[in-house]
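Please brief me on this structure. Cover the chain fold, the helix packing and the interface.

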There are 2 protein chains.
Amino acid sequence: MHEKPLILVTNDDGITAPGIRALIAVLNNIGDVVVVAPDSPQSAMGHAITINSTLYMSPVNIDEGPQIEYTCSGTAADCVKLAVNQILNRRPDICVSGINHGSNSSINVIYSGTMSAALEAGIEGIPAIGFSLLDYNWEADFEPSKPFVEKITRLVLEQGLPKSVVLNVNIPKLKKEDIKGIKICRQAKAQWKEQFDKRTNPQGRDYYWLTGEFVLEDHGEDTDEWALRNGYVSVVPVQYDLTAHFAIQHLNEWKLNP
Amino acid sequence: MHEKPLILVTNDDGITAPGIRALIAVLNNIGDVVVVAPDSPQSAMGHAITINSTLYMSPVNIDEGPQIEYTCSGTAADCVKLAVNQILNRRPDICVSGINHGSNSSINVIYSGTMSAALEAGIEGIPAIGFSLLDYNWEADFEPSKPFVEKITRLVLEQGLPKSVVLNVNIPKLKKEDIKGIKICRQAKAQWKEQFDKRTNPQGRDYYWLTGEFVLEDHGEDTDEWALRNGYVSVVPVQYDLTAHFAIQHLNEWKLNP
């Protein structure tokens, strides 16, 4: 047993993002921190991994903390794979991803590089948490998030997590005194209604920017969206078994075989 | 009610891949086919979407079938969004993705662009199926897959799918007469044990190729891996609600709030 826990830190906004710097500052109070994070923003990369291209990795010094840091040319999921297999000489006790600049609540979890890193660690059998702040600004204020990051990370280190489960933690954009507490939630049903912005380039060719509007279809008080809109930090236990177990019996009634 | 169903087709291996050409050939027997697929391979892109870069889209003619085709510079998930929002003038009756060159069974579903497209369609409320053949070869033989693609697509068009569920169909690399039938399954527990191949570039800088070994941890006879290894086509109902509902009660026992 090691005295201090070994904490692997990553994100998808890139190693210089204020969100990961705030995360590292908190986690330095808890354990030995090793950072392996993308050298450039990888947002909305979902669970992408780099298999048809080379990966570069370099040690770096970004600030004066005690943490050890590496940048990687790949995605957040690549960073976790590289860390566990090439950089760390023992298994991390926990992997913490974030703090993401912007929400990963509800359906956003599907598109999230932050959560993809946490899921990748979970698949490797490492307890993992993704943290996100509901503020897309690069200059977002991460101070109110810090006590929640510390509390939830310490709880996971002490209690562990159920097998095959990682945590998706979202923090409302509020002053510390206005955050009411922490709620365990389910993922709210929602979708993005896309609105493509069609433009024409200087050569006369049409191109598109993907934009969209978040449409919440689910107002259950047990959802992450409800918690966040009502001033709570939401914690959703997330799994990488995508099987819709409830549908198996129904599908077995189909006449599949002659 | 339209006489023939409108079928949206996409993939992640790119619009010229033999797998999607085989899929289109089958679906032309069933309905009006519109193809919107990436102009280059997008494998292992997970559920990536393009938000920080422009998207191009062009009509193309790849072969002489009756289908209408477009290529897109984005990912498989981008293709579905563009199709539904910019190209199609009515909602497709079904979205079919594939046939992927290589397995998307078990944990591979997490990294799969093919399944990401199907999930994206599901989120949009469109019944969706991803098909994959367990053969990574570009020259794979898709003939034995065709009757299964046709049968399962027709069943989904007739019966619909449970809400929030899409199908992940994997087909073993066998002769038609050796495929025993179709089995509804759950996703087997497995992981990739990474082995990074470290090399040095001509400038003296180290780089890595991600390789790995698939490690199956789950030998349940109700899993997709068991079905495929025993000669069956596996059908896993997949959902995009990632909540580990079973873990909520357990986490509520934690002392989260003062």
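At what angle do the axes of helix H1 (residues 18-27) of chain A and H4(A) cross, and within what distance do they come? They cross at roughly 55° and come within 10 Å. The model is predicted: local features need pLDDT of at least 70, side-chain atom pairs count only at pLDDT 80 or more, and totals for chains, interfaces and linings use all residues. Residues are numbered from 1 along each chain as its sequence is written, while chains are lettered from A and ligands numbered from 1 in the order in which they are written.

**Chain A overall**
- Chain A has six helices and 11 strands (DSSP runs, H or I of at least four residues for helices and E of at least two for strands, numbered from the N terminus).
- Its C-alpha trace spans about 60 × 55 × 50 Å along the principal axes.

- Axes are lines fitted to C-alpha atoms, for helices over the stretch in contact, and angles run from 0 to 180 degrees between N-to-C directions.
- H1(A) and H4(A) are therefore oblique to each other (angles under 35 degrees count as roughly parallel, over 145 as roughly antiparallel, 65 to 115 as roughly perpendicular and the rest as oblique).
- Their crossing is right-handed (the near helix is turned clockwise from the far one by less than a right angle).
- Ala22(A), Leu23(A), Val26(A) and Leu27(A) in H1(A) meet Lys146(A), Val149(A), Glu150(A) and Thr153(A) in H4(A).
- This contact has five nonpolar, one polar and two charged residues (Ala, Val, Leu, Ile, Met, Phe, Trp, Tyr, Cys and Pro are nonpolar; Asp, Glu, Lys and Arg are charged; the others, Gly among them, are polar).
- In chain B, H1(B) and H4(B) pack at about 55°, with axes 10 Å apart.

**Interface and symmetry**
- In chain A, 60 residues contact 60 residues of chain B (C-beta atoms, placed from the backbone, lie within 7 Å).
- H6(A) gives the most to the side of chain A that touches chain B, with six residues.
- That side has 37 nonpolar, 17 polar and six charged residues.
- A rotation of 180° with 0.0 Å of shift along its axis superposes chain A on chain B, at RMSD 0.0 Å (least squares on C-alpha atoms of residues with pLDDT of at least 70 in both).
- That is the relation of a two-fold axis.
- The same surface serves both copies, as 100% of the contact residues of chain A recur in chain B.

Key: Contact = placed C-beta atoms within 7 Å.
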